[in-house]
Amino acid sequence: MTDSSNFISFNPTESKDTRSGFGAALLELGTTHPEVVALCADLTGSLKMGDFRDAHPNRFFQVGIAEANMISMAAGMTIGGKIPFTGTFANFSTGRVYDQIRQSVAYSEKNVKICASHAGLTLGEDGATHQILEDIGMMKMLPNMTVICPADYEQTRQATLAIADYEGPVYLRFGRPKLPVFYKTDAPFEIGKAQKLMSGDDVTIVATGYMVWEAIKAAQILKEKGINADVINMHTIKPLDAKAILDSAARTGKVVTAEEHQRLGGLGSSVAQVLAENNPTPMRMVAVDDSFGESGTPTQLMDKYGLNADAIVSKTLELF
Amino acid sequence: MSTQATPEICSQVRRDIVRMVHAVSSGHPGGSLGCVELLVKLYFDEMHLDAENFTMDGKNEDLFFLSNGHISPVWYSVLSRRGFFPTKELATFRKLNSRLQGHPATEEKLPGIRIASGSLGQGLSVGIGAATTKKLAGENTWVYTLHGDGELQEGQIWEAAMYAAHNKIDNIISFVDCNGQQIDGSTDDVLSLTDLGAKWSAFGWRVLKCDGHDLDELGRVIAEAKSHSGSGVPNIVLMKTEMGKGVDFMEGTHKWHGIAPNDAQLADALSQLEETLGDY
């Protein structure tokens with residue numbers, strides 16, 4: 001793999017929310033892709049879809065608090081060549097509309113982009129009703145579905161642009177909190193192609209979404225302890241880049257996964273499946289352990305539920 | 001290809017339906033038999049389409065969505081009789097490796113099908129989405145959808161109804177198969193729909209009513225709906241039908257919603273339905 005300093009910065013100066021990366025890219029697509037349309041279920045501000053709405057009012061569809069109608073309508077809009085992007089919170093983008101996605105989008109192979117903000121615990125104070133931690137699992141189980149969980153503002157922007165040019169159903173997961181923008185604007189992004197951000201021979205850390213920056217921080221702490229980590233950003237959970245996992249695991253012999261999601265059915269279980277079938281490797285998973293979240297600040301919650309750099313470090317040390 | 005909806009086509013479609021479900025001892029004959037006239041009317045008289053050159057996008061064509069996908073036998077028969085695919089393929093209905101899945105699906109690429117249906121309540125939203133795309137394209141075409149009356153118990157139907165009226169989706173004509181029956185019994189017993197006309201009217205739709213077994217009446221209500229083109233009001237047709245229509249022992253009961261006739265029952269049914277176009 002390439003030298004990651006070409007496309008990421010280890011000393012980022014700016015923090016932004018990933019949802020704003022989505023909003024910025026959607027506005028770009030408004031100009032570059034006339035077939036792109038957007039639907040939103042009464043969360044235009046939260047999803048940062050307002051700029052697209054204002055620039056292209058005839059291509060923006062406010063559906064109200066009616067997510068099932070939104071998903072099936074989006075599926076219908078593809079008939080005739082539109083590329084619909086739906087926007088609401090991750091909870092309402094998946095669990096609430098699973099049957100609509102399954103039948104009208106995934107099984108019917110419709111070119112719908114399900115764009116989901118406020119995923120996971122970092123939603124914060126709203127609490128467990130809104131903090132979905134099961135969405136990656138639900139969506140990756142659907143045949144024909146691509147599942148993407150980008151790492152920062154810039155990568156979310158690039159992923160949003162990329163899915164417009166990909167033909168087929170996509171689930172794009174992002175979030176509410178601000179976090180360091182460590183990807184450079186000209187960084188490469190290819191659906192299904194993992195990115196190695198740090199190189200080391202002692203352990204492989206595979207992270208997705210919000211946890212990628214935490215994984216970088218963890219690797220820096222581990223380095224001080226004499227442990228050198230391969231850090232892989234698995235921004236696409238399905239299709240999974242099995243080769244990136246197996247190549248790294250073959251060298252390091254130890255794998256740690258990190259995600260803002262349940263242990264059951266998330267990135268970790270996908271990685272475990274690949275390893276178990278090809279090269280059984282000692283593993284640890286940093287994830288939520290079969291529980292719901294609660295109210296709190298994002299940082300408090302990530303501390304309490306063990307989703308941060310320190311948690312990655314301690315799980316890694318269990319393997320030594 | 002110039003076509004015309006006739007009672008002869010309807011009779012053959014009914015034969016196809018009972019033969020298809022009998023052959024695999026499964027499927028939904030009751031609702032299928034009740035919607036024969038509507039589908040024959042739409043596909044042979046009303047819809048602008050190109051059966052021989054089916055495209056998923058259906059640009060500049062009228063579109064039909066079957067929301068109550070379990071009555072797939074009537075749709076498959078009408079599609080094949082209209083020339084979308086060979087009638088002999090009806091013999092593969094519900095069998096392994098068939099394009100004619102138990103409920104309509106797109107994965108097998110059967111010409112005429114543009115989205116999967118079966119899990120109820122989604123087709124109105126799909127139709128509204130497709131109608132919206134046609135409006136964006138500036139087309140002067142129509143989108144038709146069909147729903148069971150029992151299906152209206154699904155909440156998503158009313159989300160879609162609200163959306164269409166608010167957003168003036170007036171290039172859609174939706175039909176409700178008002179046979180008053182669902183799997184567990186009559187709709188009045190299971191979960192009463194009460195005054196459907198008042199409900200749709202309150203949701204902002206133009207409510208039309210007709211006898212769903214009368215080809216001329218169907219033509220009249222469709223013409224009336226079309227005459228309001230550009231009005232900003234979506235159209236719903238409450239179509240009075242009889243489940244099992246055309247086969248006396250299947251008529252008017254929920255018992256034939258989802259079961260197939262045995263050999264003797266098939267013979268009895270076919271004796272009541274004239275073979276007009278040749279069995280598949």
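**Notebook: domains, chain contact and helices**

I looked up the domains of chain A first: the assignment, automatic or from a database, gives domain 1 (16–180) and domain 2 (195–317). I note that this is a predicted model, in which local features need pLDDT of at least 70, side-chain atom pairs count only at pLDDT 80 or more, and totals for chains, interfaces and linings use all residues. Residues are numbered from 1 along each chain as its sequence is written, while chains are lettered from A and ligands numbered from 1 in the order in which they are written.

**Entry: between the domains of chain A**

I took the centres over C-alpha atoms and found 25 Å between domain 1 of chain A and domain 2 of chain A. I then looked up their contact, where two residues count if their C-beta atoms, placed from the backbone, lie within 7 Å. Domain 1 of chain A puts in 28 residues and domain 2 of chain A puts in 31 residues. On the domain 1 side, α6 (135–140), β6 (146–148), α7 (153–164) and β8 (178–180) of chain A each supply at least two residues. Helices (H or I, at least four residues) and strands (E, at least two) are DSSP runs, numbered from the N terminus. I sorted that side of domain 1 of chain A by class and got 14 nonpolar, nine polar and five charged residues. Here Ala, Val, Leu, Ile, Met, Phe, Trp, Tyr, Cys and Pro count as nonpolar, Asp, Glu, Lys and Arg as charged, and the others, Gly among them, as polar.

**Entry: chain A against chain B**

I found 21 residues from chain A and 28 residues from chain B in the contact. On the chain A side, α3(A) gives the most, with eight residues. That side divides into nine nonpolar, nine polar and three charged residues.

**Entry: a helix pair**

I checked α3 (residues 67–77) of chain A against α5 (residues 123–136) of chain B: their axes come within 6 Å and cross at roughly 45 degrees. Axes are lines fitted to C-alpha atoms, for helices over the stretch in contact, and angles run from 0 to 180 degrees between N-to-C directions. α3(A) and α5(B) are therefore oblique to each other (under 35 degrees is roughly parallel, over 145 roughly antiparallel, 65 to 115 roughly perpendicular, the rest oblique). Among the residues in this contact are M73(A) of α3(A) and I128(B) of α5(B). I counted seven nonpolar, eight polar and no charged residues in it.

**Entry: a buried helix**

Which residues of α3(B) are buried? I list V36(B), E37(B), L38(B), L39(B), V40(B), K41(B), L42(B), Y43(B), F44(B) and E46(B). Buried means 20 or more other C-beta atoms within 10 Å of the residue's own.

Key:
Buried ≥ 20, exposed ≤ 12 C-beta atoms within 10 Å, placed from the backbone.
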